[in-house]
Amino acid sequence: MAKYLTAIVERDGEGYVALCPEVDVASQGQSVAEARNNLAEAVALFFDTASDEEINRRMCEEVYVTQIEVAVA
């Protein structure tokens, strides 16, 4: 069964960090594609190894990615 989850990728120094907020799993890579692929592997491993209780506790069904406006001095 396939499940579509969110991947947020941001630059971190020389590489990239990727986060899946639905299950609070992160990974990294030297490119956006590598970070995304590593995150997919880490999330799949989480689902393969975590107990049902852990998955239910961490699984967030609603994630909203949006922008906010903040005054900066």
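Asp24 counts as exposed because its relative accessibility is 57% (exposed means over 50% relative accessible area, buried under 20%, partly exposed in between, with a 1.4 Å probe and protein chains only). Asp24 sits in the loop between β2 and β3. Its phi is positive, about 55°, although Asp24 is not a glycine. This is a predicted model, in which local features need pLDDT of at least 70 and side-chain atom pairs count only at pLDDT 80 or more, while totals for chains, interfaces and linings use all residues. Residues are numbered from 1 along each chain as its sequence is written, and side-chain values use heavy atoms, with hydrogens and water left out.

**Helix α1**

- Helix α1 covers residues 32-49. Helices are DSSP runs of H or I with at least four residues, strands are runs of E with at least two, and both are numbered from the N terminus.
- α1 has 18 residues and reaches 26 Å from its first C-alpha to its last. That is close to the 26 Å expected at 1.5 Å a residue (the expected span is 1.5 Å times one less than the number of residues).
- Ala35, Leu39, Val43 and Phe46 are the buried residues in α1. They lie on the same side of α1 because they cover an arc of only 70° around the axis (the arc is that of the directions from the helix axis to the C-beta atoms).
- An α-helix has 3.6 residues a turn, so residues three or four places apart point the same way.
- The face of α1 turned away from the buried side carries exposed residues: Glu41, Leu45, Asp48 and Thr49.

**Ser27 in strand β3**

- Ser27 is part of strand β3. It counts as buried because its relative accessibility is 19%.
- Ser27 touches Tyr16, Val17 and Ala18, and also Ala35, Asn38 and Leu39. Residues up to four places away in sequence are not counted (contact means heavy atoms within 4.5 Å).
- Two of these partners, Ala35 and Leu39, are also among the buried residues of α1.

**Largest pocket**

- The largest pocket has a volume of about 270 Å³. A pocket is an open set of points on a 1 Å grid over the protein atoms alone, where a 1.4 Å probe fits, with protein on both sides within 12 Å along at least five of seven lines. Points are joined across faces, edges and corners, and the volume is the space filled by probe spheres set on them.
- The pocket is lined by 13 residues, and Lys3, Leu5, Ala7, Ala40 and Val43 are the closest to its centre (lining residues have an atom within 4 Å of a point).
- Helix α1 gives the largest share of the lining, 6 residues.
- By class, the lining has 10 nonpolar, 1 polar and 2 charged residues. Ala, Val, Leu, Ile, Met, Phe, Trp, Tyr, Cys and Pro count as nonpolar, Asp, Glu, Lys and Arg as charged, and the others, Gly among them, as polar.

**α2 and the residues around it**

- Ala50 lies in the loop between α1 and α2. It counts as buried, at 19% relative accessibility.
- Glu53 is in helix α2 and counts as exposed, at 61% relative accessibility. Glu53 and Val63 are 10 residues apart in sequence and 20 Å apart in space, C-alpha to C-alpha.
- Glu61 lies in the segment after α2 and counts as exposed, at 63% relative accessibility. Glu61 and Glu22 are 39 residues apart in sequence, but 6.6 Å apart in space, C-alpha to C-alpha.
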